[in-house]
Amino acid sequence: MKTANLILASGSPRRIEMMKQKGYHPAILPAEIEETLPFPMNGETSVMYLACRKALWTESALTDAQKESAPVIIAADTIVYKDRIIGKPADEKEAFETLSLLRNNWHYVITGVCLLQAGQPLRRLFYEKTKVYFRDYTEAELSSYVKTTEPYDKAGGYAIQGTFGQYVDHIEGDYENVIGFPWSRIEKELERF
């Protein structure tokens with residue numbers, strides 16, 4: 001299970017690195033889907049829906065020969081949630097507004113995960129939710145941060161393991177979930193396959 005029989009439906013460097021650190025070396029086949037919802041959903045449902053779409057897309061991209069080995073596809077989707085779904089900021093203005101909203105406050109990081117055995121009816125779909133508390137930071141600190149490249153490929157505009165981690169006061173829940181990959185839960189579910 002730790003090598004050729006896993007496919008990660010993501011090109012996320014953080015997810016790839018986390019799997020390698022845990023001794024897993026999956027094939028990488030990022031899902032090519034539009035991350036849009038067909039109708040309004042709550043945070044938990046939306047991440048599971050998108051994770052499932054990613055897993056199904058990746059399964060459909062496999063050849064029949066690849067499906068014969070029944071690889072397990074792992075797909076995930078992560079959002080930041082504070083009164084609404086907060087995605088990846090498009091520019092400095094949006095990153096500044098998002099992180100101003102989260103300043104000296106708490107929010108949720110929710111990751112949906114879909115595990116799917118290609119060519120088989122076996123599926124696992126779940127989410128993990130972590131509450132993150134930010135301390136107060138100045139507008140100057142925030143202005144300096146949004147000028148870096150870090151905010152723009154991350155939900156909520158920050159990475160807990162990056163430079164913005166210094167503004168996290170504390171969390172309630174799984175730290176790896178905040179990175180975008182609740183590994184402890186994923187590994188438990190993988191053991192059931």
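# Reading a buried histidine and its surroundings

Visitor: Histidine 107: buried or exposed?

Guide: Buried, because its relative accessibility is 0%. The term means under 20% relative accessible area; exposed means over 50%, and partly exposed lies in between (1.4 Å probe, protein chains only). Two notes on the source. This is a predicted model, where local features need pLDDT of at least 70 and side-chain atom pairs count only at pLDDT 80 or more, while totals for chains, interfaces and linings use all residues. Residues are numbered from 1 along each chain as its sequence is written, and side-chain values use heavy atoms, with hydrogens and water left out.

Visitor: In which strand is histidine 107 found?

Guide: Strand β5. Strands are DSSP runs of E, at least two residues; helices are runs of H or I, at least four; both are numbered from the N terminus.

Visitor: Which residues does histidine 107 touch?

Guide: Contact means heavy atoms within 4.5 Å. Leaving out residues up to four places away in sequence, histidine 107 touches Val80, Tyr81, Lys82, Leu102, Thr130, Lys131, Val132, Phe134 and Tyr158.

Visitor: With which side chain does histidine 107 make a polar contact?

Guide: That of tyrosine 158, at 2.7 Å. A polar contact is a pair of N or O atoms within 3.5 Å; within protein, one must be able to donate a hydrogen and the other to accept it, and residues adjacent in sequence count only if both atoms are side-chain atoms.

Visitor: Which residues touch the most other members of the largest nonpolar core?

Guide: General idea: in soluble globular proteins, nonpolar side chains tend to be buried together. A nonpolar core is a set of buried Ala, Val, Leu, Ile, Met, Phe, Trp, Tyr and Cys residues joined through side-chain atoms within 4.5 Å. Here the largest has 36 residues, and Leu99, Phe134, Tyr158, Phe164, Phe181 and Leu190 touch the most other members. Strand β3 (residues 72–81) supplies the largest share of this core, four residues. Another core, of ten residues, lies apart from it and includes Ala9, Ala51, Ile73 and Cys114.

Visitor: How many aromatic pairs does the structure hold?

Guide: Eleven. A pair of rings is described by the distance of the centres and the angle of the planes. Rings of Phe, Tyr and Trp (its six-membered ring) pair if their centres lie within 6.5 Å; planes under 30 degrees apart count as stacked, over 60 as edge-to-face, the rest as tilted. Take phenylalanine 134 and tyrosine 137: edge-to-face, 6.1 Å centre to centre, 65° between the planes. Phenylalanine 134 has a relative accessible area of 3%, so it is buried. Tyrosine 137 is at 4%, so it counts as buried too. Tyrosine 137 also pairs edge-to-face with phenylalanine 164, at 5.2 Å and 75°. That pair links distant parts of the chain, 27 residues apart: tyrosine 137 is in the loop between β6 (123–134) and α5 (139–146), phenylalanine 164 in the loop between α5 and β7 (168–172).

Visitor: Which residues do ring pairs link into a cluster?

Guide: Phe134, Tyr137, Tyr145, Tyr158, Phe164 and Tyr167.

Visitor: What should helix α2 span?

Guide: The expected span is 1.5 Å times one less than the number of residues. Helix α2 (residues 43–61) has 19 residues and should span 27 Å; its end C-alpha atoms are 27 Å apart, which agrees. At the start of α2, a side-chain oxygen of asparagine 42 reaches to within 3.3 Å of the backbone nitrogen of glutamate 44. Buried residues of α2 include Val47, Leu50 and Ala51. Among the elements covering the buried residues are β1 (6–8), β3 and β5 (106–117).

Visitor: Which residue other than glycine has a positive phi?

Guide: Most residues other than glycine have a negative phi. Alanine 70 has a positive value near 50°. Alanine 70 is in the loop between α3 and β3. At 11% relative accessibility, alanine 70 counts as buried. Asparagine 104 has a positive phi of about 55°. Asparagine 104 is in the loop between α4 (92–102) and β5. With a relative accessible area of 53%, asparagine 104 is exposed.
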